[in-house]
Structure formats: C-alpha cells, structure tokens
Amino acid sequence: MRKKIIECSRVSKEFTTDRGTVNVLQNIDLDVYENELLVLFGPGQCGKSTFINCMAGLDIATSGHVTVNGHKVEKPGPDRGVVYQRTALFPWLTVMGNVEYGPKCRGMGKKERREKAQYYIDLVGLTGFENAYPSKLSGGMQQRVGIARAYCNEPTVMFLDEPFGHLDAQTRYLMQEELIRIWEKEKRTIVFVTNNIEEAIYLADRIVLMTNCPSTLKAEYQIDLSRPRDYTTPEFLQLREEISAVVDKSI
Amino acid sequence: MKTRFRGASKYETAICAAISIFVFLCLWELAVRTTAVGLFISSPITVIGKTLRSIVEPLGTHTIQGHVLWSLSRVAVGFVVGSVAGVVVGVLMGWYRIFEAIVRPLFEVIRPIPPIAWIPLAILWFGLGESSKYFLIFLAVFSNVTMNAYSGARAVDQTLVGAAKMLGANNRQVFTSIVLPSCVPQIFAGLQIGLGSGWATVVAAEMVRSSEGVGWVITKGQDLNNPLQILVGIVGIGVIGYILAVLMRAIEAKLCVWSERGK
Ligand SMILES: Nc1ncnc2c1ncn2[C@@H]1O[C@H](COP(=O)(O)OP(=O)(O)OP(=O)(O)O)[C@@H](O)[C@H]1O
Ligand SMILES: [Mg+2]
C-alpha cells in the first residue's frame, strides 16, 4: 500500500471581490502518493494556481481541508516547496544566495548549507553560475534556480505551477527532460501544473483533469509509459488523442 | 537618423557634457566682451581665475576648500541622521499598516513645508550655532528619504514575500531579507534627492548666519558689494553639488548591480 502524502478533502475556494463572489474550486478530493509525479491538467484560468496555493498554504480553502504528511496545511511552511509560474527569485541575491535561502532561514551553518546548495546547483546544471544574479540568466536557467531553491530546502512535497509556461518550445522540451532526470535522481512527491497536454503526458505518473470554473476534478489517467518517453511513439499519440477528446468535450 | 540616447556609452556622455559646458562658457565670455552684460557680471575666465586663486588666498578666514569642507561637514551630520531616520520611518510606514495609519498623516503635513521655512523656528529652538543648521539639513534629507523608502516598502512584491515564507522565513526574516533589500533602489533615489536638497539647504542656512562655509562666501560677497566673490561661491556650490551626485550614482551602481536602476 503506497503512502498518502497529500490528502485534499472537499476543498472549495471562493473569492469575494467588488463584483461579487466567484466560486473557483468546488469540493475537490485528491490524494497524492509518496514520490508520485502528479500532473494537474486544466484549461487557462480554471483555478490551477488557486488549487496549488491552497495545497501549499499560500492561500486558505474556504471550506474543506488539506493535509500534508498528516499535518493540516494552514500557513506557508518549509515542508512544502513551490516553483512559480512567473519566476519568483530574489533578484538581489545571487544564484547561491537564492538556493541557500531556505536552509539559511532555518539556521543551518554556513559551511553545511553552502555544500548542500552547491549540490543542488550542480544537480540542476548551473555549476559555474553560483555568483550570477537572476536578471543575468535566461528564462530556462532562472527556472533551474527555482527548482534548485525548492529542492535545497528538502521539502516533503513540491508544487510546480506551470514552471515552463513562459519558455520557448526548445527550452521547454529540454527542461522537461531535465526535470525527469533531477526527479529520478532525487525522488520527491511533485504536483506539476500545466495546460499543455504533451507536457502532461511526458512527465506524469498520473494526470488529473480539472474542469473550467467552478473547478472540479473530472478524470484521472495513470500513465504507465516507460521513461524516457518519446512524443512520437504510437502509445504516446494515442493517449494524447484520448485525453484531448475528453478535454474538448468538457470545455 | 535615430539616436538612442539611453544607449549612449559612458564615453559619449562624458564628451557631450564637456562640450556643453565648454560652449556655455564660450558664450558667456563672448557676451561679457561684446555686450553690456559685462557691466553686471565678470567673465568666466575671471571667475575661474578667482576661484583657483582662492584655493591659496583665503576668502575671509578660510580658503575656498576650507569653506567647502565646513559646509560639507554640516551636510554630513544632517545627512547621516536624516537618512537613518528616514529609512527607518519610511520602511516601517510602508510595511506596517498600524504604523502607517499613525505616522503618515503627520508626515504628510510636515513634508510639503520647505526646509527654509523652518529657519526662524530653528534659530529660536537651537540658537545661531551649528545645531540649527544640522536640524534644517536633517529635515531636508529626512522628508525625501522617508517618502522614497515608504513607496519602496509599499511596492514590495507579495509573491517574493510568499516565496520567502514558503522557504521557512519568519516575520523578522521576511522584513530584513525581503522588504529591506527590495527597497534599496528606491531608498537610493531618496538619498540622492536628499543629499541634493541637504546641500541646497546648508547654503540657505549659512546665508542666515555663519562665519564660514559656501553660503557665507555668497552673503559676504553681497555685503562687500563684490559680485566676483558671489560668483566664486556659486561656482563652488554647483561643482560640489555635481560631484556629490556623481559619487552617489557610483555607489548606487555598486550596491544595486541586481536592479534595473543600478545599471
Ligand atoms: N485573489 C483573487 N481574487 C479574486 N479572484 C481571483 C483571485 N485569484 C484568482 N482569482 C480568480 O480565480 C480564477 C482562477 O485563477 P487561477 O489563477 O487559479 O487560474 P489558473 O488556472 O492558474 O490560470 P492560468 O492558466 O492563467 O495560470 C480566475 O478567474 C481568477 O480571476
Ligand atoms: Mg496559474
């Protein structure tokens, strides 16, 4: 029996603004298992970031609750790592400064955290860029820093919110390969958000489809293709067609 | 032809500056020699000559650099105290709602009052000595630095605050490692304006009452009916003000390598 790491039960979220109340998430139940790479797949503006924020603790569900490793999520905390849609690196810190930020906050000694940060910088392939400022790096490299920063804090789960959404196609393919390489080396429970079907099938152990607002979970696919995956195999294309058909019907 | 001035190199900018100053001096010289302007104002050659001569021949009790140092030392005191206080008040006001609610109304009333309007009160409170001058410069620096630090702290990117919390930062760490550094470019803009304004205020303060400093050089020139000395004072103020601005920009470029402003 696999261990459940994230348990969401009847999570709903509404936002109240001047223009009234919008119901974004509606009674979502979801379990994520240890070391699973779960992809949340849904159309634009359907509430993917909202759901991720509720699981991470950056926002609080209006009703229902989320637990991570048995602890109820109520506020941000270092057992959950986030890689953002729009890079949220600290621009005044170097690559090293960003990656070691978490351990530093939690009071780890300089030598130890430098070693740890260096390990993850090497892991994401940024060796030699330790002293560069984020503004001097390309979009792909910035997301690598984001991934290293989240990893370096050794969280139980990592949330990646469309981390490759702003990259050009070439870099995007490369980063997907890299993410799988990194994850196979350092297994973590990952929730990955995307609205790109190929990306979803390439990465996922399991894909969960979200509907338009108010969002619920619509369908689930276990992806058993062996890695490394290839976008052009018949199995890949067939899955792609199957899922697309369901998505098109629901929009 | 399209010239992108933003893209001009340091070298080009320096050449342009040199040419523009040189042309201005030539026009001035020409006007003095050929028109009635010469009756009211000395030629630039005379002014520069006198300025250079006053490096060795004292004006009153000090040489020109002595006067400049006196004024600079006054600015330094007011500037240091004013910037520290300004950064503290501005950042707290921008980050803590309650502090903002309490302090901002007071600050908004005091801010539009020009420092020279305080001169009479400053003299009543602190006398004619150094303290009243420090106080005036302090006010000039403080209001500019506070205003900028405040708008900097208000504009802190909430995503970064969230990211820091997710990485385990507590409230104090968020304040020192996210809020403060985010404000640095804005604080620097404030320090620059504050220093310029402090330098302008020291002149005004010295013109009221002092026995040394560039402000004194000017008022004394007026008493002695000596426009040349007034011009020497003015040149001194302009040159030093310019050097201060250049220095501040150099320091900013060093400290803010990461930001757009610093480039
Ligand atoms: N703080 C907020 N206040 C009010 N409405 C919000 C807020 N955050 C999100 N929303 C609304 O919730 C809906 C879902 O937003 P969300 O950003 O979660 O979608 P998304 O699926 O991540 O979109 P994208 O694909 O663009 O990243 C949107 O309609 C948005 O307007
Ligand atoms: Mg989103």
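How far apart do the C-alpha centres of domain 1 of chain A and domain 2 of chain A lie?

1. The C-alpha centres of these two domains of chain A lie 25 Å apart. The assignment, which is automatic or taken from a database, gives domain 1 as 1-73 + 155-163 + 185-251 and domain 2 as 80-154.

2. This is a predicted model, in which local features need pLDDT of at least 70 and side-chain atom pairs count only at pLDDT 80 or more, whereas totals for chains, interfaces and linings use all residues. Residues are numbered from 1 along each chain as its sequence is written, and side-chain values use heavy atoms, with hydrogens and water left out.

3. Taking contact as heavy atoms within 4.5 Å, 19 residues of domain 1 of chain A touch 14 residues of domain 2 of chain A. The area buried between the two domains (accessible area, 1.4 Å probe, lost on putting the parts together and summed over both) is about 1,500 Å², and carbon and sulfur atoms give 56% of that area. On the side of domain 1, A:P155, A:M158 and A:E186 lose the most area to domain 2, together 33% of what that side buries.

4. Across this interface the rule finds 0 salt bridges, a salt bridge being a side-chain nitrogen of Lys or Arg within 4 Å of a carboxyl oxygen of Asp or Glu.

5. By class, the side of domain 1 of chain A that touches domain 2 of chain A has 11 nonpolar, 3 polar and 5 charged residues, where Ala, Val, Leu, Ile, Met, Phe, Trp, Tyr, Cys and Pro count as nonpolar, Asp, Glu, Lys and Arg as charged, and the others, Gly among them, as polar.

Key. Chains lettered and ligands numbered in written order.
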